[in-house]
Structures are given as C-alpha cells and as structure tokens.
Amino acid sequence: LESIELNRNLLQVCEGAFMNCEDLNSIKIYQNTKVNFTETFDFDKIDKITFIKDNKEINKENVR
C-alpha cells in the first residue's frame, strides 16, 4: 500500500489503522473525516497529504 484515498463517507479513522503500512507515502482524505494523524500514520514516510473539501483538493507536500 503506497497511497490511499479514503472514502468521502468515512466518519473516523481509528488510531493505529495505518501505523504499520511501511510503504504508505500519499494520503487523500475528506476534511469531514475525524482522524488523529500522529496516532494513525507514520509521518516519517508520508510525503503528501491531500485534503478534499467541497470537491476541491488542498495539497500538503513534504509533511515530515
């Protein structure tokens, strides 16, 4: 798993859900989804997070 786009209807991502995804480096997430990023993703490996709001993408590059 290198990248993921979470479903727009997803309400919450539980802590640790993606912590052991060693190759995950790109995430797309809708802004209405509740997530504790530091407890869910390994930010040493994430290069890009895209937040989606009202069908518009807001990129956060080099988030480390």
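In which helix is the place of Thr 40? Thr 40 is located in helix H1, where helices (H or I, at least four residues) and strands (E, at least two) are DSSP runs numbered from the N terminus. The model is predicted, so that local features need pLDDT of at least 70 and side-chain atom pairs count only at pLDDT 80 or more, whereas totals for chains, interfaces and linings use all residues. Residues are numbered from 1 along each chain as its sequence is written, and side-chain values use heavy atoms, with hydrogens and water left out.

Thr 40 has a relative accessible area of 0% and is buried (buried, under 20% relative accessible area; exposed, over 50%; partly exposed, in between; 1.4 Å probe, protein chains only). Not counting residues up to four places away in sequence, Thr 40 touches Val 13, Cys 14, Glu 15, Gly 16, Ala 17, Phe 18, Met 19 and Val 35, contact being defined as heavy atoms within 4.5 Å. With neighbours within four places in sequence left aside, Val 35 is in contact with Thr 40, Phe 41, Val 13 and Ile 29.

Val 35 and Phe 41 also belong to the largest nonpolar core, which has twelve residues; such a core is a set of buried Ala, Val, Leu, Ile, Met, Phe, Trp, Tyr and Cys residues joined through side-chain atoms within 4.5 Å. Strands S3 and S5 each supply at least two residues of this core.

Three aromatic pairs are present in the structure. Rings of Phe, Tyr and Trp (its six-membered ring) pair if their centres lie within 6.5 Å; planes under 30 degrees apart count as stacked, over 60 as edge-to-face and the rest as tilted. The rings of Phe 37 and Phe 41 are stacked, because their centres are 5.8 Å apart and their planes lie at 25°. Phe 37 also pairs edge-to-face with Phe 51, at 5.8 Å centre to centre and 80° between the planes. Since Phe 37 lies in helix H1 (residues 37–40) and Phe 51 in strand S5 (residues 48–53), this pair ties together parts that are 14 residues apart in sequence. Phe 41 is buried at 2% relative accessible area, as is Phe 51 at 17%. Ring pairs link Phe 18, Phe 37, Phe 41 and Phe 51 into a cluster.

One salt bridge is found in the whole structure (a side-chain nitrogen of Lys or Arg within 4 Å of a carboxyl oxygen of Asp or Glu). The salt bridge joins the side chains of Lys 28 and Glu 57, at 3.1 Å from N to O. Because Glu 57 lies in strand S6 (residues 56–61) and Lys 28 in strand S3 (residues 26–30), the pair ties together parts that are 29 residues apart in sequence. Glu 57 is partly exposed, at 45% relative accessible area, and Lys 28 is likewise partly exposed, at 26%.
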